Amino acid sequence: MIHAQARDTELSLHLYRVFAKSFKSVNEHAVSGSKIQGFNPTAFAVLEVLYFKGQQPIQQIGAKLLLQSGNVTYVIDKLERHGMLVRHPCPTDRRVIYADLTEKGRALMDEAYPNYAERLTNALSGLEEEEKLQLISLLKKMGMEAERLSPSARK
């Protein structure tokens, strides 16, 4: 029993190191592909959420990107100053503010996103389609269990 636990621990640690190193390697492609017209990867991520999901409450953008509200506000302020997005108050709940892409923001993403997608496709080209689907499934399973077990989820 102790030998099996030690083996599981060692395997888990090895998996974590491989996962972290792989993420770092792939993320370098994502970061280089997201540096557009003076915006950092976080700003690109905000634009990407709005590009694919449409108008979103600002609080939900932060949650989707795992950002603290102060960081989201700073990035959204910067994007708004550059004319990439606008804020709209919620008509039914004045505590909620929506962010949405402007035409300028959409045009920027229409131009930049194909290059970004190509970089990520290239970074993940070592996997066949079936392997990508399998990895997606396994990573979701791993993430959901880790989230369930996290100290913050136990509160």
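I will start with helices α2 and α3, which are roughly perpendicular to each other. That label comes from the crossing angle: the axes of α2, residues 41–53, and α3, residues 58–65, cross at roughly 115° and come within 10 Å. Keep in mind throughout that this is a predicted model.

The crossing of α2 and α3 is right-handed. Which residues make the contact? From α2 we have Ala45, Val46, Val49 and Leu50, and from α3 we have Ile61, Lys64 and Leu65. By type, that contact between α2 and α3 has six nonpolar residues, one charged residue and no polar ones.

While we are on α3, a word about Ile58, which lies in that helix. Is Ile58 buried or exposed? Its relative accessibility is 13%, so Ile58 counts as buried; the cut-off for buried is under 20%. Setting aside neighbours within four places in sequence, Ile58 is in contact with Val72, Ile76, Arg87, Ile97, Tyr98 and Ala99.

Now the rings. How many aromatic pairs does a search of the whole structure find? The search finds six. I will go through two of them.

One is Tyr51 with Tyr113. Their ring centres are 5.8 Å apart and the planes are at 40°, so this pair is tilted. Tyr51 is in helix α2 and Tyr113 is in helix α5, residues 103–123, so the pair links distant parts of the chain, 62 residues apart. Both of these tyrosines, Tyr51 and Tyr113, are buried.

The other is Phe52 with Tyr113. Here the centres are 4.9 Å apart and the planes are at 65°, so the pair is edge-to-face. Because Phe52 lies in helix α2 and Tyr113 in helix α5, this pair ties together parts that are 61 residues apart in sequence.

What about the accessibility of those two partners? Phe52 has 52% relative accessibility and therefore counts as exposed. Tyr113, at 17%, counts as buried.

To put the rings together: ring pairs link Phe44, Tyr51, Phe52, Tyr113 and Tyr116 into a cluster.

Key
Residues numbered from 1 in each chain as written. Predicted model: local features only at pLDDT ≥ 70, side-chain atom pairs only at ≥ 80, totals over all residues. Heavy atoms only, no water. Axes fitted to C-alpha atoms, helices over the stretch in contact; angles between N-to-C directions. Helix = DSSP H or I, 4+ residues; strand = E, 2+ residues; numbered from the N terminus. Parallel < 35°, antiparallel > 145°, perpendicular 65-115°, else oblique. Left-handed = near helix turned anticlockwise from the far one by under 90°. Contact = heavy atoms within 4.5 Å. Nonpolar A, V, L, I, M, F, W, Y, C, P; charged D, E, K, R; others polar. Phe/Tyr/Trp six-rings, centres within 6.5 Å; stacked < 30°, edge-to-face > 60°. Buried < 20%, exposed > 50% of the residue type's maximum accessible area, 1.4 Å probe, protein only.
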